[in-house]
Amino acid sequence: MLNGETAAITEVNHAAVRLYQYSRDEMLTMNAIELSAEPEKSRKMLHDDTGRIPLRYHRKKDGTIFPVEILYSDFDHQGHPMRIATVRDITQRKQAEQALLQSERFLQNIFDGIQDGISVLDSNLNIVRVNAWMKKMYAAQAPLTGNKCYRVYQKRDSICPWCPSLHTIKTGDVKTEIVPYPSPDKPTRLIELTSFPIKDMQGNVANIIEHVKDITERIRAEEALRTSEAQLSNAMKIAKLGYWEYDVAEDLFTFNDHFYSIFRTSVEQVGGYKMSPSRYAETFLHPDDMAQVAIEMKQALETTDPHFSRQLEHRIIYADGEIGYLPVRYFVVKDDQGRTIKTYGANQDITEHKRIQEVLREREERFRELFENMSSGVAIYEAIDNGRDFVFKDFNKGSERMENIKKEEVVGRSVIEVFPGVKEFGLFDIFQRVWQTGKSEHQPISLYKDDRICGWRKNYVCKLPSGEIVAIYDALTAQKQAEEALRKSEEKLRLLFNHINDVFYSVDRNGTILEISPSVTRILGYKSEQLIGKSFPDLNILSPESQQRALSDTMKVFSGESIDIAQYEFYASDGTSIYGEVSGSPIYADGKIIAVASVARNITDRKRAEAEKAKLEEQLRRSQKLETIGTLAGGIAHDFNNILTPIMGYADMALSSLSPSNPLHEDLEHILRAATRAKDLVEQILIFSRQLEKERKPLSLHLIVKKALKLLRPAIPTTIDIQQRIDSSCDKVLADASKMHQVIVNLCTNAYQAMEDKAGTVTIELKQVHIDADMAKIHPNLNEADYVRLTISDTGIGMNEATMERIFEPFFTTKTVDKGTGMGLSVVHGIVRSHNGEIIVLSVPGKGSKFHVYLPTAKTEMITNAEEEQPIPGGHESILVVDDEEAVAEVLKRLLQRIGYRVVVRTNSIEALKDIRHQSKGYDLVIVDLTMPGMKGLDFARRLHKIRADLPIILMTGYGENITNGIQKQYGIKQIISKSITLKELALTIRCVIDA
């Protein structure tokens with residue numbers, strides 16, 4: 001309450017004290033303007049007479065600034081003007097509005113991201129409007145608007161004979177033509193030109209929209225358009241936005257379908273998507289808010305700010321006559337002269353949100369009213385010094401009357417200081433026990449006495465989840481007064497009982513429900529009268545396990561204990577499971593426990609969230625385990641490549657030195673074949689660890705599937721049936737065809753081997769799916785996008801959890817030695833992950849297994865040319881080989897010398913760099929190992945590039961890891977090769993680099 005002239009605060013309630021964090025005495029010495037974070041604006045509004053100040057900013061005692069909404073009314077008191085102001089903290093609403101703003105900006109970015117060309121023509125083929133794509137495409141012909149389309153776009157003096165827009169003007173139909181670009185005389189490419197009619201209210205073609213699409217990138221553009229449209233549609237649906245535009249020239253609004261659905265009507269009922277401002281205001285706006293909306297629209301039209309945007313909330317009239325609330329976020333579009341030509345925005349119905357806020361406010365006031373008006377005294381304490389003392393936090397009016405002391409006199413003070421006889425009274429010991437154990441206690445009627453007061457009291461002490469201690473007590477000096485206080489208390493508690501969100505119920509020793517709150521209907525679907533008088537076992541609303549625990553807990557309470565927190569599984573009326581968190585306390589009569597009072601809180605959402613969190617943590621743990629194994633496998637492959645390189649090199653040189661008739665020739669061939677098998681094994685390990693990439697190109701996966709099945713069919717027993725569900729219309733995937741073939745063969749082989757001892761079915765399914773946000777959240781390697789899903793399932797023996805935990809580990813297998821190496825599924829896992837995909841396994845012991853392989857659809861087309869067969873080339877250039885493995889360096893030296901090169905070997909990267917500094921012109925090429933002690937291959941390349949930027953570098957690696965093109969170019973690296981490369985591959989690479 002304020003002085004209407006000076007704004008001095010004359011009275012405040014408890015809510016204001018909590019809101020601003022000042023004490024009541026502090027606030028009664030203040031002026032209302034001191035609470036404002038905008039004192040000048042607050043002074044100007046002191047004499048406002050509208051009764052409502054929608055948005056202002058106030059400051060708490062600790063300096064926190066927060067938004068408020070103020071409602072007030074003025075009255076005269078003893079000749080003085082007074083004002084009662086209600087201040088509401090609207091921080092949460094402002095945060096919601098900010099979230100809406102971010103959503104709207106997201107939608108605007110989608111609109112602005114369209115990259116096709118758009119022209120708007122009038123009926124005489126004059127260009128009226130073009131988008132940025134057209135301006136960029138035809139920048140040389142600017143300005144475009146006001147000119148004939150055929151003169152600007154086709155450089156013709158007359159209408160194009162194939163003009164689709166001319167057809168649209170005559171027929172009103174959509175027409176598409178393939179048009180030469182940039183002119184018929186010198187076309188360099190083709191574009192797809194589609195004309196769309198824009199008709200007036202009479203159905204005549206008033207304008208034409210020409211849509212230009214470069215069909216050279218047609219597949220990519222179509223895919224981008226589909227994705228954009230899907231995102232826009234989904235975003236609009238998710239946000240439940242009503243979109244509108246206002247065209248200044250036409251003086252018309254245009255609305256989308258959801259806009260009308262907000263107002264509980266449809267475009268058919270209203271009569272079209274367009275509407276004049278006056279009709280919109282008369283149809284939908286609340287009369288009292290029309291002026292405010294008109295002022296806002298006038299500001300939008302007159303603003304000079306090209307980035308103008310505003311948030312406005314006003315009332316609306318639904319089609320059925322009800323009143324609602326609508327926040328509007330709107331923006332402006334300017335022309336080249338800075339004039340506003342359009343305003344547009346989005347609406348969202350928040351009526352239900354406003355109603356919920358009002359209900360919450362009423363409930364808060366109701367509970368505060370209940371607390372303050374309880375006939376019993378209620379005091380809330382905070383434990384300090386580890387429970388050695390208790391300080392008053394709150395003190396209701398019943399306590400004030402009972403103890404003849406004001407709340408302001410006790411809050412913040414010790415209970416011993418206010419009531420010095422509390423220890424002799426025995427209540428202090430109860431406080432300490434309840435605080436330590438959390439178990440509620442009753443104190444029977446006892447006489448309290450100190451120098452100030454004397455009277456009989458009965459206390460009930462409990463502990464709140466916050467850790468605070470609550471004492472509820474009655475003064476029983478006169479029995480009649482006690483009976484009246486009990487009656488009032490029961491009335492207040494019944495009000496709480498009927499309106500509380502949780503379920504309150506009481507049961508007797510047999511589990512029979514004596515009373516239950518109406519909130520049970522909202523949570524479980526039963527009416528109170530259906531349950532009262534019946535026992536929990538008879539009703540079957542608890543799961544068997546929960547039923548047993550509930551009976552045990554009830555017996556504990558009857559023995560004098562309390563149920564702190566117990567979790568039970570309830571069955572709702574529709575059969576669904578509802579999880580409740582239950583606490584219980586005894587109900588006494590004549591000193592005996594006659595029933596149990598329990599409070600059940602619905603925690604189903606929390607339980608589900610905990611289950612989902614556990615599932616995500618398990619996914620992460622498995623992923624991290626495979627990543628660790630992959631890292632280990634990459635290290636093994638590196639060392640193995642260092643061993644294989646000299647074996648293959650020396651064997652190759654020795655073999656080329658012997659005639660085929662030499663007895664050692666065949667032995668060397670066996671050695672070379674064995675080394676090649678080892679090389680393939682290394683490659684499989686690198687694939688698993690995703691450190692080996694090969695060239696990929698867009699391919700139709702269904703062709704690979706059919707080819708693989710054709711090769712597999714003869715090898716699969718005839719007792720096994722193969723079923724195919726192949727969708728050949730799936731989009732292409734960007735992949736290595738040989739690796740996809742390997743995935744299919746490995747999974748199919750794994751499937752039929754799981755049931756080769758008996759008849760069964762292998763099912764191969766290929767279809768295109770869209771991964772939504774929920775699935776992407778569960779599987780982090782998947783994104784919200786389109787995927788081609790390959791599913792291979794069998795009716796075999798299945799797998800248990802322990803087997804599924806390890807199936808992707810290298811060399812793990814449940815098969816006999818002659819049936820597999822344990823690398824099949826690990827290689828499949830590596831291939832799928834390296835293709836930015838995911839593999840998901842489902843299996844039930846005795847019922848079979850199902851492998852889902854997800855591969856992202858291709859966005860680009862790539863054309864690769866097969867390499868022609870070439871002889872081993874040589875040369876006479878000087879080559880420096882740098883590798884810390886002497887065996888590898890030596891074999892490379894001998895191989896290269898055989899084909900004519902002059903080779904110098906260095907096993908120390910730092911010494912090699914010093915060598916180059918002294919004779920930088922002495923080498924034509926450097927071959928350097930990626931992993932070396934002292935100085936890594938990349939650091940060596942970077943320093944070498946600074947010394948001599950024209951000296952080409954070949955980086956040699958045993959890991960097979962990927963290095964970006966940017967780093968290659970920055971460090972002068974021309975090629976990256978594997979250590980287990982053949983002489984021919986090495987020779988071709990060297991020649992390609994030197995001759996480049």
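Is Glu69 buried or exposed? In this predicted model, Glu69 is buried, with a relative accessible area of 5%.

- Whereas Glu69 is buried, Arg88 is partly exposed, with a relative accessible area of 32%.

**A pair within one helix**
- Glu365 and Arg361 form a salt bridge through their side chains at 2.4 Å, N to O; because the two residues lie four apart in helix α13 (residues 351-373), they are separated by about one helical turn.
- Glu365 is partly exposed at a relative accessible area of 46%, and Arg361 also counts as partly exposed, at 27%.

**A pair between strand and helix**
- The side chains of Glu581 and Arg606 meet in a salt bridge at 2.8 Å, N to O, which links distant parts of the chain, Glu581 being in strand β24 (residues 577-589) and Arg606 in helix α24 (residues 604-657), 25 residues apart.
- Glu581 counts as buried at 18% relative accessibility, while Arg606, at 36%, counts as partly exposed.
- Salt bridges that share partners join Glu69, Arg88, Arg93, Lys94 and Glu97 into one network.

**Positive surface patch**
- Lys397, Arg401, Lys406 and Lys488 form a positive surface patch.
- Lys488 is found in helix α19 (residues 479-499) and is partly exposed, with a relative accessible area of 40%.

Notes: Residues are numbered from 1 along each chain as its sequence is written. This is a predicted model: local features need pLDDT of at least 70, side-chain atom pairs count only at pLDDT 80 or more; totals for chains, interfaces and linings use all residues. Side-chain values use heavy atoms; hydrogens and water are left out. Patches are made of residues with over 30% relative accessible area and no salt bridge: like charges are joined within 9 Å, nonpolar side chains (Val, Leu, Ile, Met, Phe, Trp, Tyr) within 5 Å. Accessible areas come from the Shrake-Rupley method with a 1.4 Å probe; for residues, only the protein chains shown count as cover. A salt bridge is a side-chain nitrogen of Lys or Arg within 4 Å of a carboxyl oxygen of Asp or Glu. Lys and Arg count as positive and Asp and Glu as negative; His and the chain ends are not counted. The place of a charge is taken as NZ of Lys, CZ of Arg, CG of Asp or CD of Glu. Buried means under 20% relative accessible area, exposed over 50%, partly exposed in between (1.4 Å probe, protein chains only).
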